[in-house]
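Before reading the points below, please look at the chain as a whole and then return to each region as it is discussed.

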Amino acid sequence: MTAVPLDPPRRLVEFTLDDEPTRVPEGSTILDACRAAGKDIPTLCQGETLTPKNACRACVVEVEGARTLAPACSRKAEEGMTVRTDTERARHSRKIVLELLASATDLSTTPRAAEWIKEYDAKPERFGADAATMNEEPKIDNDLYVRDYDKCILCYKCVDACGEQWQNTFAISMAGRGFDARISTEHDAPLTDSACVYCGNCIEVCPTGALSFKSEFDMREAGTWDEERQTQTTTVCAYCGVGCNLTLHVQDNEIVKVSSPLDNPVTHGNLCIKGRFGYQHVGGGNTAGT
């Protein structure tokens, strides 16, 4: 019999969320409460398996009595607090964040970005054609994945996934200051000369497509990438006995990329190089999409 560890019950915290009494388990964030209540709060830098860095500020809400807006992804729900998520102040702040990001960054592969820009009536074009952008060619220095800094919003999720929160490889970190700040390897060396072990966990947490499978990048460049035609099948990695779960993304009977379920108790979305990229042995025939 397999023993399943159970967390001890947590007491409930009661507070007011948009004029409605709300109860959530102690330790929950305001964002957790919003999602449980079905409220759609935009967020880019928040990750299900990572400690929030409060980098994008797209999820800010108004907490009664607080001088500044609070990031919902990290602010814990407290007994008796009053939170409003849709005030003019909060909406205006989100609008400005979206305008600044979209004027300087390519958000074309960021899920829901276009939807949020429309919802908050953000107008990135108001900064004009002279708005500063990275304007860099994608870095393609290996056969597994591509770094496109034009799409990077400096959310720090890839650094955390590579560093102390998961992989402990510390191959990448923040370099530069101001507008020149970017995610970089040591001395901006090619990935092939860095400490990178090609686990691809940075790709898993990237919210904008700044990091992507080489296969996905090539298909997007060719205009053949079509997520509506893709199927997803979760299976178990066959390389070793750990039991990591893989989600195979299949298009036209070919595996185009591999992810891992974030809620899996073994992997929490993380894989090694074999699980993430070692799928070339799977034949085209009838195995990839079943």
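1. On a 1 Å grid over the protein atoms alone, a cavity is a set of points where a 1.4 Å probe fits but cannot get out, whereas a pocket is an open set with protein on both sides within 12 Å along at least five of seven lines, and a lining residue has an atom within 4 Å of a point. The structure is a predicted model, in which local features need pLDDT of at least 70 and side-chain atom pairs count only at pLDDT 80 or more, while totals for chains, interfaces and linings use all residues. Residues are numbered from 1 along each chain as its sequence is written, and side-chain values use heavy atoms, with hydrogens and water left out.

2. The largest cavity is lined by 30 residues, and those nearest its centre are Cys158, Ile172, Ile183, Cys202 and Leu211. Its volume is about 280 Å³, where a volume is the space filled by probe spheres set on the grid points, which are joined across faces, edges and corners. The lining divides into 22 nonpolar, five polar and three charged residues; here Ala, Val, Leu, Ile, Met, Phe, Trp, Tyr, Cys and Pro count as nonpolar, Asp, Glu, Lys and Arg as charged, and the others, Gly among them, as polar. Strand 6, helix 4 and helix 5 each give at least two residues to this lining, with helices (H or I, at least four residues) and strands (E, at least two) taken as DSSP runs numbered from the N terminus.

3. The largest pocket has a volume of about 1000 Å³. Of the 38 residues that line the largest pocket, Pro111, Glu204, Val205, Cys206 and Pro207 are the closest to its centre. Helix 5 (201–205), strand 9 (211–213), helix 6 (214–222) and strand 12 (254–259) are the elements that give two or more residues to this lining, which by class has 13 nonpolar, 14 polar and 11 charged residues.

4. A nonpolar core is a set of buried Ala, Val, Leu, Ile, Met, Phe, Trp, Tyr and Cys residues joined through side-chain atoms within 4.5 Å, and buried means under 20% relative accessible area, exposed over 50%, and partly exposed in between (1.4 Å probe, protein chains only). The largest such core has 28 residues, and those with the most contacts inside it are Tyr145, Cys158, Ile183, Ile203, Leu211 and Val258. A second, separate core of 17 residues includes Leu17, Cys59, Val61 and Ala77.

5. Leaving aside its neighbours within four places in sequence, Cys158 is in contact (heavy atoms within 4.5 Å) with Ile172, Ile183, Cys202, Val205 and Leu211. Helix 6 has Lys214, Glu216, Phe217 and Met219 as its buried residues, and these pack against strand 6 (145–147), strand 9, strand 11 (245–251) and strand 12. After helix 6 comes Gly223, with a positive phi near 80 degrees.

6. Five strands form an open sheet in the order 2-1-5-3-4, with mixed pairing; two strands pair if DSSP finds at least two bridges between them. Strand 2 (20–25) and strand 4 (70–71) stand at the edges, each with a single partner strand, so one side of each is left without a neighbour in the sheet. Strand 1 (residues 12–17) pairs with strand 2 in the antiparallel sense over six bridges, and Leu17 has Glu20 in strand 2 as its bridge partner.

7. Strand 3 and strand 4 pair in the antiparallel sense over two bridges, with Val61 opposite Ala70 in strand 4. In the hairpin of these two strands, which has six residues between them, Gly65 takes a positive phi near 95 degrees.

8. Most residues other than glycine have a negative phi.
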